[in-house]
Amino acid sequence: MTRIAILGGGPGGYEAALVAAQLGAEVLVVDRDGLGGACVLTDCVPSKTLLATSDAMTSFACSAPLGVRLRSGGSAEKEVTVTLGTVNARVKALALAQSLDIARRVGREGVEVVRGTARLVGANRLVVRTEDGEEGYGADVVLIATGASPRLLGGSETDGDRILNWQQLYDLPELPEHLVVVGSGVTGAEFASAYLALGSRVTLVSSRDRVMPSEDADAALLLEDVFTRRGMQIVKRARAAGVDRTADGVVVKLDDGRTVDGSHCLVAVGSVPNTSGIGLEDVGVARDERGYVRVDRVSRTSVPGIYAAGDCTGVLLLASVAAMQGRIAMWHALGDAVEPLKLSNVAANVFTDPEIATVGLGLAASEGERGGVQEVKLPLATNARAKMQGVLDGFVKLYCRPGSGTVLGGVVVAPRASELILPVSLAVQNALTVDQLAHTFTIYPSLSGSITEAARQLHLAESS
Ligand SMILES: Cc1cc2nc3c(=O)[nH]c(=O)nc-3n(C[C@H](O)[C@H](O)[C@H](O)COP(=O)(O)OP(=O)(O)OC[C@H]3O[C@@H](n4cnc5c(N)ncnc54)[C@H](O)[C@@H]3O)c2cc1C
């Protein structure tokens with residue numbers, strides 16, 4: 001029986017464990033925080049649970065044009081509020097329940113789970129430090145899936161009270177009166193969107209010309225417009241150098257000398273891989289200059305028998321990619337059929353309001369890389385269902401290869417775009433053509449009707 005040892009129980013680790021157990025291996029998972037990892041306990045799951053509340057707030061606040069009114073006669077936008085303590089308690093309980101669900105599932109498959117901190121002491125040996133001391137384990141195959149941690153701003157620690165990273169937000173007793181979000185990548189934008197909807201005043205500090213610089217430019221600009229209309233202040237071309245406490249709040253110092261005051265500051269300036277102090281240098285596992293473990297498309301590291309998956313590899317910091325890298329590692333290590341990781345098929349979503357969902361060519365492709373590709377952009381404003389629902393902002397964008405009409409990717413900006421992107425993902429994964437997409441039945445009226453309509457327009461663009 002092949003012995004597999006997995007360092008880290010996030011999606012990269014526990015999904016790999018499930019595959020390895022299914023293939024008949026003896027599996028050990030070591031995690032210091034709990035199964036599900038940072039993804040379930042502090043990052044993805046908590047943030048999306050918080051967003052469920054902020055989405056409900058937005059729907060309610062925007063319902064006046066649909067004829068919804070309060071019996072008191074007040075405006076929904078002004079009257080609705082949240083009890084942050086209740087929201088945060090729900091977030092934490094849900095995250096814990098999800099972690100326990102995963103632990104039960106992994107346990108049912110016969111995987112041994114140890115709560116502790118692991119480090120490699122050889123290509124086939126690890127030591128685990130637990131509350132009771134240290135214990136050594138042997139392994140034929142090792143998977144490193146130790147994830148990443150929030151990056152500090154200007155080298156300073158957050159205080160968990162007024163200066164926070166995204167993992168500390170759920171201990172806030174009250175809604176911040178004025179939240180300054182430093183960092184306008186996906187994480188910063190999602191929290192800025194959420195807290196604005198929850199009722200905080202929000203200032204978003206962006207070091208670039210626009211928010212979410214790695215997302216589709218039209219989508220990012222639309223979001224900027226929505227944010228601004230809803231009252232968010234966006235400070236652009238402003239690199240934060242540090243943040244200090246004041247008597248009753250915080251002051252963010254920009255490197256051009258300007259300052260931004262607020263009651264609280266959320267530092268969302270990216271993450272650093274958890275790859276130090278786990279013995280990688282001792283066993284010769286190569287890392288890049290930023291500390292990420294170097295892997296190939298079947299998750300192999302530079303050392304035979306040692307694989308790596310997830311955020312510690314820096315490939316694409318997504319739970320879905322971590323899980324797929326972990327599964328691929330096990331399929332490969334245990335001799336099962338395996339296809340190398342294909343990033344052009346990855347679908348990703350920004351959970352702002354509206355959401356931005358992207359797949360294939362749309363994902364992180366620069367304008368230059370899209371040269372020669374046929375493209376159509378259809379505003380949702382012309383969609384009957386969008387009109388009925390009062391959806392004013394959003395679009396569908398579709399890309400195809402000239403000549404063959406093969407769908408290469410797309411972008412959907414809409415409420416619940418994460419649910420709408422699937423037909424485009426299916427088309428990209430299976431190399432469907434725009435005509436095949438165009439001839440597919442959709443529900444009338446539906447937002448997904450705009451996807452097949454975009455495909456029909458691409459057919460026309462292609463043949464003109
Ligand atoms: C705020 C936020 C929101 C996000 N939202 C989404 C989203 O909506 N969708 C999406 O796809 N992705 C999202 N992500 C990204 C997603 O959370 C990560 O890509 C995912 O967590 C990566 O999984 P992982 O298994 O690599 O690592 P992790 O989930 O970080 O798990 C790694 C685990 O390893 C443990 N560990 C580390 N070192 C050791 C050691 N030496 N010994 C034992 N255990 C160790 C850690 O404690 C942790 O429990 C979000 C990220 C953030 C920060």
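1. Serine 299 sits in the loop between helix H8 (280-283) and strand E18 (306-308). Helices here are DSSP runs of H or I with at least four residues, strands are runs of E with at least two, and both are numbered from the N terminus. Serine 299 has a positive phi of about 70 degrees, although it is not a glycine. Most residues other than glycine have a negative phi. At 2% relative accessibility, serine 299 counts as buried. Buried means under 20% relative accessible area, exposed over 50%, and partly exposed in between (1.4 Å probe, protein chains only).

2. A word on the basis. This is a predicted model, in which local features need pLDDT of at least 70 and side-chain atom pairs count only at pLDDT 80 or more, while totals for chains, interfaces and linings use all residues. Residues are numbered from 1 along each chain as its sequence is written, and side-chain values use heavy atoms, with hydrogens and water left out.

3. Arginine 237 also has a positive phi, about 45 degrees, and is not a glycine. Its place is the loop between E12 and E13. With 53% relative accessibility, arginine 237 counts as exposed.

4. Arginine 239 lies in the loop between strand E12 (233-235) and strand E13 (240-245). Its relative accessible area is 49%, so arginine 239 is partly exposed. Leaving aside neighbours within four places in sequence, arginine 239 is in contact with Ser207, Lys253, Leu254 and Asp255. Contact means heavy atoms within 4.5 Å.

5. Two cis peptide bonds deserve a look. One joins aspartate 353 and proline 354, with omega about 0 degrees. Proline 354 is in the loop between strand E19 (347-350) and strand E20 (355-360). Another joins tyrosine 444 and proline 445, with omega about -10 degrees. Proline 445 is in the loop between helix H13 (434-438) and helix H14 (449-463). Most peptide bonds are trans.

6. Now the ligand. 36 residues surround it, and the closest are Asp31, Asp33, Ala118, Asp311 and Ala319. The criterion is a residue heavy atom within 4 Å. By class, the shell has 16 nonpolar, 14 polar and six charged residues. Ala, Val, Leu, Ile, Met, Phe, Trp, Tyr, Cys and Pro count as nonpolar, Asp, Glu, Lys and Arg as charged, and the others, Gly among them, as polar. Elements that each supply at least two shell residues include helix H1 (11-22), strand E2 (26-31), helix H3 (44-61) and helix H9 (319-333).

7. Check the polar atoms around the ligand. A polar side-chain atom of lysine 48 is 3.0 Å from a ligand nitrogen atom. A polar backbone atom of leucine 318 is 3.2 Å from a ligand oxygen atom. For a polar backbone atom of alanine 319, the distance to a ligand oxygen atom is 2.9 Å. The protein covers 93% of the 990 Å² of accessible area that the ligand has on its own. Areas come from the Shrake-Rupley method with a 1.4 Å probe.

8. Overall fold: 14 helices and 23 strands. The radius of gyration, taken over C-alpha atoms, is 23 Å, close to the 23 Å that the globule rule gives for 464 residues, so the protein is as compact as a globular protein of that length. The rule is 2.2 Å times the number of residues to the power 0.38. Buried residues make up 50% of the 464.

Methods: Polar contact = N/O pair within 3.5 Å; in protein donor to acceptor, adjacent residues only side chain to side chain.
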